[in-house]
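Hi everyone, thanks for coming. Please take a moment with the sequence and the structure before I start talking.

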Amino acid sequence: MSLPPEFRPADTGVIHDIGYRGYTGPRLGRGYAARSLFTQSLRAAYGLGRSGKSKVLPMLVLGVATVPALIIVAVAVVTGVDKLPVDYAQYLSAIGLVVSIFLASQAPVLFSRDLRHHTVPLYFSRPITRTDYVRAKFGAMACAQLLLMLAPLLVLYIGSLLVGLKFGDQTAHFFYGLTAAVLYALVPTSVAVVIAATTPRRGFGVAAIMGYLAVTTAVVGVVVGLATTTVGFDEPLPTYPQWAVLLSPGGLVESLTNELFDLGTGPERMHAPGGLGLLVFTLVAVAMVAGSYRLLLRRYRSI
Amino acid sequence: MFTRAHAHYVEPVSTVIKTDGLTKRFPRVTALDQLTVEVEPGVVGLVGANGAGKSTLIKILLGLSPASSGTGRVLGLDIATQGSAIREQVGYMPEHDCLPPDVSATEFVVHMARMAGLPAAAARERTADTLRHVGLYEERYRPMGGYSTGMKQRVKLAQALVHDPKLVLLDEPTNGLDPVGRDDMLALIRRVYSDFGISVLVTTHLLGELERTCDHLVVIDGGKLLRSSSTASFTGATATLAVEVTDHPEDHGLDASAAVRTRLVAAGLSVETEGPRILLVRLAGDETYDAIRDAVAGLGLGLVRLEQRRHRVAELFTANADGAESSASTDSTRTTENEGSTADVAAS
């Protein structure tokens, strides 16, 4: 077997076997290792450090999520409007499907692959603990989601300031959008990663997460839609169908932020019904995230 | 190399692994039962049939699974409370495949080095060094999915060594390798201690491999310690030679094997048969080789095979149980035993 160039001295033609050298440098320990895993997983979610093929989908999704925002801003610049046609939080629910696709396709990349190739026991033979592993992976997936939504929000925000819209107003609404983005990045993600961590098969994971998100969204849409069509034109819309939204993690976040920041109008508006609704919706969101985290810890305890 | 090895041993750690009454009970089985063992620096073989508790012991030593009772120390660190510190100083090569196929060996080993706490630059440097030491060159930049079993085993070994541990735990490192690959791997394992100064605990169910590699053997069965002693004292009594001869060139009626057997028995050797053609001769010393040569040549036959047999642990156990000699065992029992151990291997 021939040696690689760096071990083939050009001038002498003699190979100097330098023998084994130990490592006496610093060992940065558990925290550093967990951060390294987080960074590696975050990059992996966008296909960085992986094959060219695996970059296609995440980059495509990032493009699809951001390009409409660019177009909106471009139109606003040309026509000189006094208000963006879409609010920040509204934009996020509009690209909800794209974000779901990203979640469904990349959560199994972070979780199922390690199970499938049995890399998990190898990680556990390193200084990090099981809890560190779960935190790093969960954190990486949530951050990947957040970045995906942050990109168009920033485009809209910077664009609106360029057009010369009211700074205070825009900043407040950008903040609402940001809150919504954080919630979107936590609540649906937490459920998706639990599903991803149950199966070593990536395909199953993708299908199960997409199925779960699609079915719950559809059920919520049907229930709310039926309720609104059964009442007459002049009657006030009943709020009880809004409780069905609790089934869908995405809808839950949308309703919560709509009610919290008093966003959205019209009969289609999803919102947590009243003060009690706000409380219950918040509790359910917290329970989903905390419960999923505990389930994940349990999942990895026996490996 | 000498300074390196020296640096390892001036440290106060004279015992690499020390367990005291280590017990692990699962709801239905006791995987480890009052295991008290001490392992010194060197290459140590951990021998046991499948399900003997080898993997459980490794898990407990890495601080990944709490013991039901008993205590243990690895490199002087307590397994119950200092798991993270132990894992920083210990390398682990799992038995099963653990390599993502779409990543190159370099990327993977760099990542695992960082997971052990090495800064990025050091991780890259150590990865290049370690992959070279295990014998992986240009191919290290290719995705690992296309690697042969031998190359995969080398990468698995490299990731266990990349952070320059003081001890590596190797779980069945020769599994799935062909005889040449197995010999290479065993030589490499030997070098890990002799050249790199890293102590090795290696598990296997093939005793023959350990004879050549290990200084010390620890045998466990059913979670209990059967024996812990130097390799020489272990295998001396059980070495056998497999002998196969050609038919007689002219006298086709002669049963060549039986004739050789008669001569060898007459020469005072104990001989068993395996199948119709192969004789198993207990190795009593160098003169055994001479006796076989003389017997075969004296009959005018050709020697097809003369090889040292690799013992399975199961055979060692039966030999221990039956006493010193079991030459009375017939062909049929021999065959059943073999089938039994083949099934064992397949199940692993």
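Which residues in helix 9 of chain A are buried? They are A:Pro249, A:Gly250, A:Gly251, A:Leu252, A:Val253, A:Glu254, A:Ser255, A:Leu256, A:Thr257, A:Asn258 and A:Glu259. Buried means that 20 or more other C-beta atoms, placed from the backbone, lie within 10 Å of a residue's own. Helices here are DSSP runs of H or I, at least four residues, numbered from the N terminus.

Some housekeeping: this is a predicted model, where local features need pLDDT of at least 70, side-chain atom pairs count only at pLDDT 80 or more, and totals for chains, interfaces and linings use all residues. Residues are numbered from 1 along each chain as its sequence is written, while chains are lettered from A and ligands numbered from 1 in the order in which they are written.

Back to helix 9 of chain A: 11 of its 13 residues are buried, so the rest of the structure largely encloses it.

Now the largest nonpolar core, with 156 residues. Such a core joins buried Ala, Val, Leu, Ile, Met, Phe, Trp, Tyr and Cys residues through C-beta atoms within 7 Å. Among the members touching the most others are A:Ala107 and B:Val109. Helix 7 of chain A (residues 167-198) gives this core its largest share, 16 residues.

Finally, the two chains: 36 residues of chain A are in contact (C-beta atoms, placed from the backbone, within 7 Å) with 36 residues of chain B. Helix 1 of chain A contributes the most to chain A's side, with 7 residues.

Methods. Buried ≥ 20, exposed ≤ 12 C-beta atoms within 10 Å, placed from the backbone. Helix = DSSP H or I, 4+ residues; strand = E, 2+ residues; numbered from the N terminus.
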